[in-house]
Amino acid sequence: MASSTDSADAHQDLLASSSTLQIDWSWKKWQSRVSSASNPSNPIYIIHYQTRRSPHMIVKSASSDTTIGTGTLHAISINADYSNRGQKGKLKALKRWKTEYTHLSDAYATGSSPATMRWTSSCNFRTWDFICLDEQQMPVAKVSANWWGLKNTASIEFLGPKATSEAARDEIVVTGLTLFYCMVLRINNLGSLFGAVFARPGPIKEGEQGGIGRETGQETRKDV
């Protein structure tokens, strides 16, 4: 039996092998396998779905079966909650009627405070793309959902200097897929329409992000 250290090393080695991950859906098992696009037979993550109870999405390491993170959706609220390596977080809408969300990131932080990330989207006849931008508004990842895919349903491409970072990849897998399923729920759920009407979109404020104490998305410097 492999040790937990060996399993963690295997997880990290698989992540470092490719800048693009592919997501394959299993109708029989009601789960997704996330693997390197160059080695699809060797999964890195296994994603389990629970429609009747929260969390609604559980991301586990394929090598150790340990939970990486979770995603929780809401019947009315257009925001979503997630956890990543035990750290609770929120995906908060920046707009009511446009796919634009924000979350706080430890993986992309350059100092002691978490970085404010922004998600945008675009779509065409074949794919629905969710793009994650860092604090300099540079793209760091793209989650592409295939409208017509029955098995190969999506891919995740990592960009920038942290493209091979295990922490960054874990975070993007959890937040990116939580956002995708949040939007799938929104376009298929009448309750989300009312949620958008009464939502208070905007930056994540103090107390909204698992106890991280700072307001984001706004200029905090004051002239004295």
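Me: Buried means under 20% relative accessible area, exposed over 50%, and partly exposed in between (1.4 Å probe, protein chains only). Why does Ser32 count as buried?

Reply: The model is predicted: local features need pLDDT of at least 70 and side-chain atom pairs count only at pLDDT 80 or more, whereas totals for chains, interfaces and linings use all residues. Residues are numbered from 1 along each chain as its sequence is written, and side-chain values use heavy atoms, with hydrogens and water left out. Ser32 has a relative accessibility of 1%, and therefore counts as buried.

Me: Where is Ser32 found, and which residues is Ser32 in contact with, leaving aside neighbours within four places in sequence?

Reply: Ser32 belongs to strand S2 (residues 31-36); helices (H or I, at least four residues) and strands (E, at least two) are DSSP runs numbered from the N terminus. With contact taken as heavy atoms within 4.5 Å, the partners of Ser32 are Ile23, Asp24, Trp25, Tyr45, Ile46, Ile47 and Tyr49.

Me: What makes the link between the side chains of Ser32 and Tyr49 a polar contact?

Reply: A polar contact is a pair of N or O atoms within 3.5 Å; within protein, one must be able to donate a hydrogen and the other to accept it, and residues adjacent in sequence count only if both atoms are side-chain atoms. The contact joining the side chains of Ser32 and Tyr49 is 2.9 Å, so its distance falls within that limit.

Me: Why is the pair of Tyr49 and Tyr181 called edge-to-face?

Reply: The structure holds 7 aromatic pairs. Tyr49 and Tyr181 form one of them, with 5.3 Å centre to centre and 70° between the planes. Rings of Phe, Tyr and Trp (its six-membered ring) pair if their centres lie within 6.5 Å; planes under 30 degrees apart count as stacked, over 60 as edge-to-face and the rest as tilted. Tyr49 lies in strand S3 (residues 39-49) and Tyr181 in helix H2, so the pair ties together parts 132 residues apart in sequence.

Me: How do you know which of Tyr49 and Tyr181 is buried or partly exposed?

Reply: Tyr49 has a relative accessibility of 15% and therefore counts as buried. Tyr181, with a relative accessible area of 23%, is partly exposed. A further edge-to-face pair is formed by Phe130 and Phe180, at 5.9 Å centre to centre and 75° between the planes. This pair links Phe130 in strand S10 (residues 127-133) to Phe180 in helix H2, 50 residues apart. Phe130 is buried at 0%, and Phe180 is buried at 16%.

Me: What makes strand S8 (residues 101-105) largely enclosed?

Reply: 5 of the 5 residues of S8 are buried, so the rest of the structure largely encloses this strand. Tyr101, His103 and Ser105 are buried on one side, and Thr102 and Leu104 on the other.

Me: How do you know that S8 pairs with strand S7 (residues 87-93) and strand S9 (residues 115-123)?

Reply: Two strands pair if DSSP finds at least two bridges between them. S7 and S8 share 2 bridges and run antiparallel, so they meet the criterion. S8 and S9, also antiparallel, are joined by 5 bridges, so they pair as well. Lys92 stands opposite Thr102 in S8, and Ser105 has Ala115 in S9 as its bridge partner.

Me: Which residues of helix H3 (residues 190-198) are buried, and which exposed residues does the face turned away carry?

Reply: Gly191, Ser192, Gly195 and Ala196 are buried in H3. The face turned away from them carries the exposed residues Leu190 and Phe198.
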